[in-house]
4 protein chains.
Amino acid sequence: MSAEPNTMNQVRQDEKETGRVEAFSDGVFAIAITLLILEIRVPEPGEGEEASSLVTALLELWPSYLAYLISFLTIAVMWVNHHNMFRLIRRTDNALLFLNSLLLMFITFLNFSTALLADYIKHPELQVAALVYTGTMVVLAGLWNLLWRYVTAHRHLLASNVDPALIQTINRRYRSSILYVIAFLLVFVSPAAGIALVLAMAVFFAITASTR
Amino acid sequence: MSAEPNTMNQVRQDEKETGRVEAFSDGVFAIAITLLILEIRVPEPGEGEEASSLVTALLELWPSYLAYLISFLTIAVMWVNHHNMFRLIRRTDNALLFLNSLLLMFITFLNFSTALLADYIKHPELQVAALVYTGTMVVLAGLWNLLWRYVTAHRHLLASNVDPALIQTINRRYRSSILYVIAFLLVFVSPAAGIALVLAMAVFFAITASTR
Amino acid sequence: MSAEPNTMNQVRQDEKETGRVEAFSDGVFAIAITLLILEIRVPEPGEGEEASSLVTALLELWPSYLAYLISFLTIAVMWVNHHNMFRLIRRTDNALLFLNSLLLMFITFLNFSTALLADYIKHPELQVAALVYTGTMVVLAGLWNLLWRYVTAHRHLLASNVDPALIQTINRRYRSSILYVIAFLLVFVSPAAGIALVLAMAVFFAITASTR
Amino acid sequence: MSAEPNTMNQVRQDEKETGRVEAFSDGVFAIAITLLILEIRVPEPGEGEEASSLVTALLELWPSYLAYLISFLTIAVMWVNHHNMFRLIRRTDNALLFLNSLLLMFITFLNFSTALLADYIKHPELQVAALVYTGTMVVLAGLWNLLWRYVTAHRHLLASNVDPALIQTINRRYRSSILYVIAFLLVFVSPAAGIALVLAMAVFFAITASTR
């Protein structure tokens with residue numbers, strides 16, 4: 001497209017461009033977040049006559065509910081994050097698309113980590129599963145930082161009217177992702193503590209993270 | 001984005017903003033409604049020679065068909081509901097996104113409740129499964145009310161030309177969600193009656209709920 | 001929304017309205033068509049040493065490939081159909097949304113019918129499975145006709161510049177859906193012939209159906 | 001639509017038209033890429049007490065991770081490809097929609113080929129699985145070429161301001177898809193080498209493929 005289109009067309013073209021990246025990403029986010037429910041398996045109807053056996057079976061699924069809750073909130077927060085970041089982005093280039101794809105790959109991978117965590121919460125090998133889970137979070141945090149750093153280092157990808165003060169604010173917020181590294185390290189001491197920190201972060205970000 | 005964009009851009013920006021929330025929500029709705037079919041499992045090909053054994057096996061799947069029908073209609077009605085609510089919304093803030101995420105989480109959870117209901121309809125512990133199912137509906141009804149209350153309490157989130165009379169009408173309509181609480185309580189007396197009420201509501205809303 | 005917006009806003013509003021119905025429908029079409037692949041199950045790695053055992057196992061999956069092909073083409077053709085129909089539609093009302101939801105429900109149900117057909121093609125009870133499969137097609141054809149009839153009977157739902165001759169052409173085309181009834185009836189004589197007719201129609205429509 | 005709409009409407013109509021094809025395709029891409037994770041199955045919690053048994057089980061899943069990585073990158077690259085191709089396309093016709101559907105069918109089929117490859121990497125019959133996997137890639141490469149050739153042979157489908165030099169550049173790039181045929185043939189000599197070539201291509205295209 002070497003021909004120079006007029007400004008109006010350029011704007012429309014740009015919008016369309018990031019529009020499809022956002023649409024594709026939204027699709028992956030939406031599917032990844034919805035597939036999480038498939039990991040909670042319905043207890044097999046048994047032959048027991050006593051009224052409380054299904055209640056017990058449902059209560060014993062708490063690791064699945066917990067893992068579901070943490071991962072759902074985390075993906076939802078990441079979607080809001082993606083939404084906010086791409087509101088500032090007007091153009092895409094190949095490196096941006098590649099980083100975005102890697103990010104989506106690990107968001108999808110969270111389905112595996114979540115199922116692993118749920119299946120091993122009551123098992124002696126919980127520590128391994130918790131390391132995989134928090135490790136996935138560390139990789140995700142790293143990719144978010146990389147993506148944001150790349151975009152701010154290539155200002156032509158950003159909308160021209162983005163306030164530099166806003167970029168500083170976001171830079172500061174991204175620094176909090178060091179907490180995922182702490183959660184990962186905490187698992188070596190106490191898996192429960194590490195998972196609790198990830199849950200706390202998911203709830204904290206879900207409630208407080210500003211969309212501006 | 002402290003810079004003051006002109007009104008035209010503002011409008012476009014706002015549209016784009018709710019646009020992505022709607023697109024993401026549409027994705028979750030579409031996936032949640034489509035995954036329901038995975039809960040109807042094809043009967044294993046047996047070795048019987050008599051022509052009627054597959055017919056019998058297919059007929060015995062009626063709890064799955066019934067649960068599928070109720071949940072599909074319910075999610076479809078909720079999608080129309082979401083569609084209508086967001087036609088009035090022009091801006092989003094973090095609390096709105098959070099409430100919307102919680103709503104989507106329980107819509108997704110309906111897949112689990114539906115599978116549970118289908119597996120236990122012919123089982124002595126149907127009551128427990130029916131309580132989980134109608135309980136999920138109660139939570140969903142509560143979240144819808146919360147979301148609508150939040151939006152109407154923060155008028156700047158609504159389009160400026162929304163007629164106050166329309167808001168009153170919707171307020172009244174939302175009050176009918178008390179019927180889900182009645183369905184939940186009815187399950188203690190008769191699980192079948194509770195489920196029948198939820199089905200009746202799904203069909204009623206699907207046929208009559210006005211899009212205006 | 002009793003306030004009278006100006007024409008420009010009206011147009012935008014209308015576009016947005018059908019836009020979301022189309023987006024939601026696209027989502028369901030895309031998911032239903034993609035989930036089909038989950039029904040083709042990878043053969044278990046056996047212990048046989050002879051080089052041809054996986055080849056044999058893959059070849060024996062032909063009923064799954066065939067059912068996958070027919071259903072994929074059918075859903076793809078129906079998506080094109082939906083796309084073409086909604087290009088003419090400018091407004092939606094509740095009945096339209098309801099009919100559209102029923103249509104999507106049976107498109108989703110096709111996943112079950114397809115799995116059933118694939119599992120029973122080599123089984124003595126193929127006839128039952130083929131009746132369910134072609135029966136699903138008959139219901140779908142009926143819903144398409146109903147949807148189109150509803151829209152043409154309520155002209156205010158259509159774009160104002162739709163050529164009446166075009167409507168006549170589409171009316172004629174929809175009459176060909178009687179072939180699905182013939183396929184259904186043919187199954188009573190020969191299941192293979194009935195399925196072959198559905199396949200032939202999927203290929204024929206996929207290749208020839210005009211988008212205008 | 002025989003009535004002649006004004007140019008402005010024509011542009012909007014065209015945009016909307018390719019818009020829905022892109023939205024539907026994005027949906028299929030997003031779902032196909034996300035479903036890949038379902039093929040990595042969580043190891044069953046065993047009864048072993050020794051701390052390393054889950055670590056071992058997770059490490060032994062490497063064929064699944066590898067197949068996941070290759071297929072994820074491949075689908076991501078194809079999505080970028082689709083995105084770039086449709087940025088140049090302004091109109092659709094039935095043949096284009098049909099070719100696009102076939103393309104989506106084989107992208108979906110990649111889920112099956114990926115699962116097959118992962119399950120057979122450590123099995124004596126890896127060659128058969130690798131032939132199916134690289135064969136799927138060959139079919140996909142062929143369909144991409146066919147689609148691009150069709151579009152360039154029917155210039156009215158392209159945007160009027162597309163630079164002929166750009167078309168030449170893309171023509172050259174598409175020629176590299178011959179490498180998939182080489183990967184397929186390589187499998188007859190060494191399955192590992194054939195798969196390595198496909199992986200190398202996925203990484204190479206993911207990093208270097210220009211979006212212009």
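Start by selecting D:Asp93, which caps the N-terminal end of α4(D), with a side-chain oxygen 3.3 Å from the backbone nitrogen of D:Ala95. As you look around, keep in mind that this is a predicted model.

**Stop 1: along α4 of chain D**

Now extend your selection to helix α4 of chain D, residues 94-120. How far apart are its end C-alpha atoms? They are 39 Å apart, and this agrees with the 39 Å that 27 residues should span at 1.5 Å a residue. Colour α4(D) by accessibility and you will find it mostly covered, with 23 of its 27 residues buried.

**Stop 2: a threonine in chain C**

Move over to chain C and pick C:Thr114, which lies in helix α4 (residues 94-120) of that chain. Is C:Thr114 buried or exposed? Its relative accessible area is 4%, so C:Thr114 counts as buried, the cut-off being under 20%. To see what surrounds this side chain, show C:Leu36, C:Ala67, C:Tyr68, C:Ser71 and C:Tyr133. C:Thr114 touches each of these, leaving aside residues up to four places away in sequence.

**Stop 3: helix α6 of chain A**

Next, select residues 164-175 of chain A, which form helix α6. At 1.5 Å a residue, its 12 residues should span 16 Å, and the end C-alpha atoms are 17 Å apart, which agrees.

Which residues of α6(A) are buried? Among them are A:Leu166, A:Ile167, A:Ile170 and A:Tyr174. They cover an arc of only 100 degrees around the axis, which puts them on the same side of α6(A).

**Stop 4: where chain D meets chain A**

Zoom out and show chains D and A together. Here 52 residues of chain D are in contact with 38 residues of chain A. The two chains bury about 4000 Å² between them, 66% of it on carbon and sulfur atoms. How many salt bridges are counted between chain D and chain A? The count is zero, while six residue pairs are in polar contact, both residues being at pLDDT 80 or more. On chain D, highlight α1 (7-35), α2 (53-59), α3 (62-88) and α8 (191-208), each of which supplies at least two residues of the side that touches chain A. The largest share of that side, 13 residues, comes from α3(D).

**Stop 5: where chain B meets chain A**

About 4000 Å² is buried between chain B and chain A, with 66% of it on carbon and sulfur atoms. The interface has zero salt bridges and six residue pairs in polar contact, both at pLDDT 80 or more.

Notes:
Residues numbered from 1 in each chain as written. Chains lettered and ligands numbered in written order. Predicted model: local features only at pLDDT ≥ 70, side-chain atom pairs only at ≥ 80, totals over all residues. Heavy atoms only, no water. Helix = DSSP H or I, 4+ residues; strand = E, 2+ residues; numbered from the N terminus. Expected span 1.5 Å × (residues − 1). Buried < 20%, exposed > 50% of the residue type's maximum accessible area, 1.4 Å probe, protein only. Arc of directions from axis to C-beta. Contact = heavy atoms within 4.5 Å. Buried area = accessible area lost by both parts, 1.4 Å probe. Salt bridge = Lys/Arg side-chain N within 4 Å of Asp/Glu carboxyl O. Polar contact = N/O pair within 3.5 Å; in protein donor to acceptor, adjacent residues only side chain to side chain.
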